[in-house]
Amino acid sequence: MPLPAELSIPLSQHLGKPAKPVVRMNDEVKKGQLVGEADGFISANVHASTSGKVRAIRPHPHPGGQYAMTVFITPDGKDEWAEGLNSAPVDWKGMSKEEILKKIRDAGVVGMGGAGFPTNVKLSPPPDKKIDTIILNGAECEPFLTADHRLMVESPEAVVAGLEIMASLFPGTLKLAIGIEANKPDAIDALQQYAVPKKIEVLALKTKYPQGAEKQLINAITGRNVGEGELPFDRGCIVQNIGTAVAVYDAVCRNRPLIERVVTVSGMEIARQKNISARIGTSFSDIIAFCGGMSEKTNQVISGGPMMGKAIFSLDVPVVKTTSGILFINNSALGKSRERACIRCGRCVEVCPQGLAPWLLANVAQLRQLEKIQLLGLANCTECGSCTYVCPSGRELVHWIKYAKALVSSRKQRKSA
Amino acid sequence: MPSVNLNVSYAPFVRTKDSIESVMYNVALALAPATIMSVWLFGMRALLVTLVCILSCIGFEWLMDTIRKKPASCLDGSALVTGLLLALNVPSNLPFWMLIIGSFIAIAAAKHVFGGLGYNIFNPALVARVFLLISFPAAMTSWPVPFAVDMETAASPLGILKTDGVAAAMKSLDLVNGFYGTMNGSMGETSTLALLAGAGWLFYKRYITFHIPLTMLGSVFLFTAIFHLIDPAAYAPPLFHMVTGGLILGTFFMATDMVTSPLSVRGQLIFGLGCGLLTAIIRLWGGYPEGVSFAILIMNGFVPLIDSWDLNDRKAIHQKKSVTT
């Protein structure tokens, strides 16, 4: 898509501490130049996604739903790469582990599925955790979203190379797998011709939501159960997003920092639905203009998927590293909806992928019984939203559970402070 | 670009089309074959009974909502289902004033005193039926004969079994007729065929699962079969128990009532087993010829216990995990 008139690049596009700005107002920046430096261990670098001038650094709406420090860049139209970046593909096999990890860290690669966990941190688990499996998450189970799907079909070699690079960081032979929902046969075919010679399994998974949730994916591929409070590496697994694998390849072999990503633009109310490769910092309104505008019936714009995404409050918000999709919908049920009494139909219990009792968690959350709710497995909830989807009484089950989680974690912080 | 009013709301942004209304109206639809069958068997009087029950239930629902200052719930379908179930649970010649009292008991005493839809412990229609049975035993047990022209009444097959023994009961009823429904009984409970057709719809729409019906019917069948094998002269064969009385109606439409049955699968298995065993025990040795309503109501009372057992079990698992990690 054409270069927008202005790019707004938030300094917090990842889990952890926001990056520290390293440019000033009126500085000239090149494409790929560092504008925000990782601040601490769990943080990530942020780069300029085109060349131009820094117009301002101030708080700006963020797709996460808050205001966040943002670097505004007015492009100069030349789109010039900073020196040493965007090189011809080099072979990664000669590089040392430290070199690869440093390149990933320098490029600001984070988990692009939604959480935005810094990838170099994920790839350096504590030494006592033995990793024997790396899984690429090509399930993309959220309805509407097809960004990873297109990436798998269009650049399978980069996906496979990214996975190989990540595997080279661990000793011994690892089980490498790419899990893809069976409704994407073209992606499975495309990956198979590159993956099979490299002894990477491409597995067709049952199409269901939430197949792409980390814990469900690990269970589907390895049969292991990641229990309450456990992380994948406790079970010897690392799960990475398809987009992340491509970003790792770009960072290591082509010296390209993470400055653009594939975004699915979809929903009933946008003129042209498509997947676009958007620069980080492109505002949603630029994307709307590029896709032919949205209808007047639009009353919700969602960053992410329809099950776990967030409704945004301003069209000025930019695409960030974790924006997998932008949906334009007319949610006519909104406003009419009212939470009604639970009729104990048991559907939430039936659909919960984590085997919880969402109706009860929501009841206890409404009563703010924070001790009790933890005993009911609060930490086990992955917030997939299936319970709210099926509830015939229209209860905001997952919302109440998230609310309780926020209360519990703020109480813990207060205790430890 | 058009200026738009963006709404912010909680995820997920897509929701099921199912609602309380769709659940209730589908249950009502599933009861339609049995209702039509009862009109065919017992004449226009059955239709009148159905209408009186439904209208008075909806009326009392509205009244209770108004008194309790709650948002109107009288058209959400739950009162309709309660009224329909109550109608199908009584003989077609019951006086209208008794029906209205029954509706009042169902809606006011069994549902709204507990807090309305979703909070009642006992199935409202069954509470009303048992109330009527205890208050007006004569009227509730004089069953019109199918296709009768002059309001001719007779005992039900289960009643004959209780008073005159197996031989007389078996002689009074051809099991095939029992399956189709041409026998004496409450309006909607006679036709196993029509009820199974409705239950099939509920299975298809996934509003009920097989857990409760299977364990309930299975335990009645096994229990009665064992005693029939021990002494065929004293105990009726299991198939006789299957097609008579309110077993099929109760199993598929009242024991599976979402509000008054356990949530977890294993809880439902226990619940179904309890309902079946109690039904069989009451039928074989109880003072009443029919035990389905009592059995379900008794097990309804155990549901909170079953649910909390299941939850404490889960809690214990979580606690054990958090100790070890």
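Modeller: In this predicted model, 49 residues of chain A are in contact with 34 residues of chain B. The elements of chain A that contribute two or more residues to this side are the helices α8 (284–290) and α12 (386–390), together with the strands β14 (300–303) and β15 (310–311). Sorted by class, the side of chain A that touches chain B comprises 26 nonpolar, 16 polar and seven charged residues.

As to the chain that carries this surface, chain A has 13 helices and 16 strands. Its C-alpha trace spans about 65 × 50 × 50 Å along the principal axes. For 417 residues, a compact globule would have a radius of gyration near 22 Å, and the 21 Å of chain A agrees with this. Buried residues account for 53% of the 417 residues in chain A. Of the contacts in chain A with a separation of 6 or more, 69% are between residues 24 or more positions apart.

Among the strands of chain A, four form an open parallel sheet in the order β10-β9-β8-β11. Its edge strands are β10 (201–205) and β11 (237–241) of chain A, each of which pairs on one side only. From one strand to the next, the twist averages 25°. Within this sheet, β8 (residues 133–138) of chain A pairs with β11(A) in the parallel sense over five bridges, and A:N137 stands opposite A:N241 in β11(A). Helix α5 (residues 185–195) of chain A lies across β8, β9 (175–181) and β10 of chain A, and runs at about 165° to β10(A).

Terms used: Residues numbered from 1 in each chain as written. Chains lettered and ligands numbered in written order. Predicted model: local features only at pLDDT ≥ 70, side-chain atom pairs only at ≥ 80, totals over all residues. Contact = placed C-beta atoms within 7 Å. Nonpolar A, V, L, I, M, F, W, Y, C, P; charged D, E, K, R; others polar. Rg over C-alpha atoms; globule rule 2.2 N^0.38 Å. Buried ≥ 20, exposed ≤ 12 C-beta atoms within 10 Å, placed from the backbone. Pairing = 2+ DSSP bridges. Axes fitted to C-alpha atoms, helices over the stretch in contact; angles between N-to-C directions.
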